[in-house]
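Colleague: Could you walk me through this model slowly, as I am still new to this?

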Amino acid sequence: MGCFASTPKDSGGNRRRPGSIGEVSVYVPGLRIPKPVDFAQSLGDHLSKNIVERLSALRTRIVVMAGQEGPTITRTKRKSATQHGGSTLADLQQALEDYLPVLLGLVKDGCHLQYKVQFVWVNQEDDAEETAMSNAWYEVLSVLHLMAMLSLSQANLLLLPRTSTDGYQPKVSEESRRASVDIFLKAAGYLDCAVRHVLPQLPAELKRNLPVDLAEGVLRALCLQALGQGVDIQLGMAIDSAKATLAVKRRLACEMVKYWQQAQDNITNLPLANGWGEKHRHFVKWKYVEAKAAAYYYHGMILDEGNTEKSHGMAVAALQAADEYFKESKKLCEAFNAAPPLSRNAPLWGTMKYLSEKIPKDTSSKVRINRDLYSYERIMETAPTLPDFALALKPDEYQLPQVDASWRTENVNGIQTAPNHIKV
């Protein structure tokens, strides 16, 4: 049940897109913006004035904040990361968290009220400018998606290098890196909950007509991206640690490859060809290839510790693959930044700052040293297979909150409701 409508992209001007989004460490494919809803007209005959006014006030706060700040949140400037940008993200996130328990009363125990309100959101990655659906689960899904995107925006602000007090190159503090991993897991938790507990509540017809922003493949890809970037931060911290072995670094790099490969697999066949969506596709491809450069580098360094002709040959092949992937990743990075909305690289730091120096140097060194021993023809023509490790980083186990206490005494068409967790 529940009707839907999508507005073509040329029908209005609600979708505001910046020409440039500045420096990017974490890609956020735009923020979907909610449009106003008249709860009184839809629910006035079914619910008390108190609940209707509460729903209206909570959602209006989100509409106003997202409408005013949403288009600017994705335009990052390092100086605003801990001032206006950070506080805006926190305020909007809190507004969504306040709204969700009250909203969930509309879907509790299969309540018929879930079909009474038409919710409208402005899309970013879909060709359709906006999508309207008369189903409260669509609203829940949209709220969780926005909460995840705000978390990724917060991680991006944390991971933009800042000029250090010692006068050296801009860098990201260890505190910010550790905090960003927690935020990545939180974002992944929202998205994982959306896929496992909210999408199944929507009828098949509505699921087919969701905007691509909310397609299962995109939600899964965003979840995997968050985990992949979390592992990237862990690898960077391992590189900085004297205690971390080559084996630990290789494992993290190989896990990172799997996250990005799965992210790419999830969006391969989706119509991400519109603005933010095309840029999203570029980002995933870039990070996947960049991860492979790291994995092959560390795999090559470990193989080079062997004492056989075969292991040295495989090491050279792995390092050559790392070098080729690294060169390709730089081209893909340029393609990502050139895709609208325009972006630019933050100063190199962490994993890729280290590897941008080590991969060309070590590859050149190993190939030159071994060239006299092993002819090019004897070096493996293809890179050795990367070892397969189980993925260690998991999303936070986010659960939908309990229905707000204000619903306890609510009478819906003569049937008094009782406090309950949402049945999912």
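Colleague: Which helices each supply at least two residues of the lining of the largest pocket?

Modeller: Those are α7 (216–240), α9, α10 and α11 (350–371), where helices (H or I, at least four residues) and strands (E, at least two) are DSSP runs numbered from the N terminus. This is a predicted model, in which local features need pLDDT of at least 70 and side-chain atom pairs count only at pLDDT 80 or more, while totals for chains, interfaces and linings use all residues. Residues are numbered from 1 along each chain as its sequence is written, and side-chain values use heavy atoms, with hydrogens and water left out.

Colleague: And which helix gives the largest share of that lining?

Modeller: The largest share comes from α7, with 5 residues. In total, 26 residues line the largest pocket, and Trp 286, Lys 287, Glu 290, Leu 348 and Met 352 lie nearest its centre. A pocket here is an open set of points on a 1 Å grid over the protein atoms alone, with protein on both sides within 12 Å along at least five of seven lines, whereas a cavity is a set where a 1.4 Å probe fits but cannot get out; lining residues have an atom within 4 Å of a point.

Colleague: What volume does the largest pocket have, and what is the lining like by class?

Modeller: The volume is about 480 Å³, counted as the space filled by probe spheres set on grid points joined across faces, edges and corners. The lining has 13 nonpolar, 8 polar and 5 charged residues, with Ala, Val, Leu, Ile, Met, Phe, Trp, Tyr, Cys and Pro counted as nonpolar, Asp, Glu, Lys and Arg as charged, and the others, Gly among them, as polar.

Colleague: How many cavities of 30 Å³ or more are there?

Modeller: The count comes to 2, and the second largest cavity holds about 40 Å³ of space. Its lining consists of Asp 232, Met 256, Trp 260, Lys 287, Glu 290, Ala 291 and Met 352, which by class gives 4 nonpolar, no polar and 3 charged residues. Both α8 (246–267) and α9 supply at least two residues of that lining, and α9 gives the most, with 3 residues.

Colleague: You keep mentioning α9, so how does it sit against α10?

Modeller: The axes of α9 (residues 276–303) and α10 (residues 309–338) come within 7 Å and cross at roughly 160°; axes are lines fitted to C-alpha atoms, for helices over the stretch in contact, and angles run from 0 to 180 degrees between N-to-C directions. The two helices are therefore roughly antiparallel, a word kept for angles over 145 degrees. The crossing of α9 and α10 is left-handed, meaning that the near helix is turned anticlockwise from the far one by less than a right angle. Their contact has 20 nonpolar, 5 polar and 5 charged residues.

Colleague: What about α7 and α8?

Modeller: Their axes come within 8 Å and cross at roughly 165°, which makes α7 roughly antiparallel to α8. The crossing of α7 and α8 is left-handed, and the residues of this contact divide into 15 nonpolar, 7 polar and 3 charged.

Colleague: Changing topic, how many aromatic pairs are there?

Modeller: A search of the whole structure finds 11, where rings of Phe, Tyr and Trp (its six-membered ring) pair if their centres lie within 6.5 Å, and planes over 60 degrees apart count as edge-to-face. Tyr 190 and Tyr 398 have ring centres 4.9 Å apart and planes at 85°, so that pair is edge-to-face. Because Tyr 190 lies in α5 (residues 174–198) and Tyr 398 in the loop between α11 and β7 (411–412), the pair ties together parts 208 residues apart in sequence.

Colleague: Last one: which residues does a cis peptide bond join?

Modeller: It joins Pro 340 and Pro 341, with omega about -5°, and Pro 341 lies in the loop between α10 and β6 (342–345).

Technical notes
Parallel < 35°, antiparallel > 145°, perpendicular 65-115°, else oblique. Phe/Tyr/Trp six-rings, centres within 6.5 Å; stacked < 30°, edge-to-face > 60°.
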